[in-house]
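Reader: I would like to learn how to read pockets and ring pairs in a structure. Please take one case and go through it step by step.

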Amino acid sequence: LCLAILDQYFATSIRQRWQQWANIKLAHRLMTIVIIFWLFHSIPYFIYYTHITSSSTNQTLCQMTNPILINYFTYVYLLTLSNLIPMLTVIFGLLAFLNVRNTAYRTVPVVRRELDKQLTAMVLIQVLISFCTFLPY
């Protein structure tokens, strides 16, 4: 979602240089990088999550056992990856919406302008729904 809204922002930008960033080749490369990042990000969780049986309640819990991973999860994952990135999507979503509203003042074909408006509205609604679901966290 973050990459989709960034692409939409760059595609609707006034600056020609930023519009060049919205291409399929770059999107494929960024998706590959993101997939590899999340795959490597999840490996420590497979290793350091263990089943611990509580002696008082006799329930089995799945908990992190590595203190470094606990600190990483608390300060890096929760603060940046799960909070900062959704906030950035909201900001860039609003900026893309403003870019589309300003396309009426540019010499852009009417068909493209309407498609940009429709796609930006769809992505902006996705961003708002995503933001509302992330808000409790």
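Author: What follows goes from the overall fold to the pockets and then to the aromatic rings. Note that this is a predicted model.

Reader: How much space lies in the largest pocket, and which residues lie nearest its centre?

Author: The space in the largest pocket is about 370 Å³. Its lining has 19 residues, and Cys 2, Leu 3, Ala 4, Leu 30 and Met 31 lie nearest the centre. Two or more lining residues come from each of α1 (2–11), α3 (24–48) and α4 (67–101). Of the elements, α3 gives the most, seven residues.

Reader: How do the residues of that lining divide into nonpolar, polar and charged?

Author: In the largest pocket, 17 lining residues are nonpolar, one is polar and one is charged.

Reader: What is the volume of the second largest pocket, and which element supplies the largest share of its lining?

Author: Its volume is about 180 Å³. Helix α4 supplies the largest share of the lining, six residues, and α5 (110–134) also gives at least two. Among the lining residues are Trp 38, Tyr 77 and Phe 134. The lining of the second largest pocket divides into eight nonpolar residues, three polar and no charged.

Reader: Now the rings. How is a pair of aromatic rings described?

Author: One gives the distance of the centres and the angle of the planes. A search of the whole structure finds eight aromatic pairs here. One of them joins Tyr 9 and Phe 92, with 5.2 Å centre to centre and 70° between the planes, an edge-to-face pair. Tyr 9 belongs to helix α1 and Phe 92 to helix α4, so this pair ties together parts 83 residues apart in sequence.

Reader: Is Tyr 9 buried or exposed?

Author: Tyr 9 has a relative accessible area of 10%, so it is buried, the cut-off being under 20%. Phe 92, at 22%, is partly exposed.

Reader: Why is the pair of Phe 10 and Trp 18 edge-to-face?

Author: The planes of Phe 10 and Trp 18 stand at 80°, with ring centres 6.2 Å apart, so the pair is edge-to-face; the angle needed is over 60 degrees. Phe 10 is partly exposed, with a relative accessible area of 22%, and Trp 18 is partly exposed at 30%. Ring pairs link Tyr 9, Phe 10, Trp 18 and Phe 92 into a cluster.

Technical notes
Residues numbered from 1 in each chain as written. Predicted model: local features only at pLDDT ≥ 70, side-chain atom pairs only at ≥ 80, totals over all residues. Heavy atoms only, no water. 1 Å grid on protein atoms, 1.4 Å probe; cavity = no way out; pocket = protein on both sides within 12 Å on 5 of 7 lines; lining within 4 Å. Points joined across faces, edges and corners; volume = space filled by probe spheres on them. Helix = DSSP H or I, 4+ residues; strand = E, 2+ residues; numbered from the N terminus. Nonpolar A, V, L, I, M, F, W, Y, C, P; charged D, E, K, R; others polar. Phe/Tyr/Trp six-rings, centres within 6.5 Å; stacked < 30°, edge-to-face > 60°. Buried < 20%, exposed > 50% of the residue type's maximum accessible area, 1.4 Å probe, protein only.
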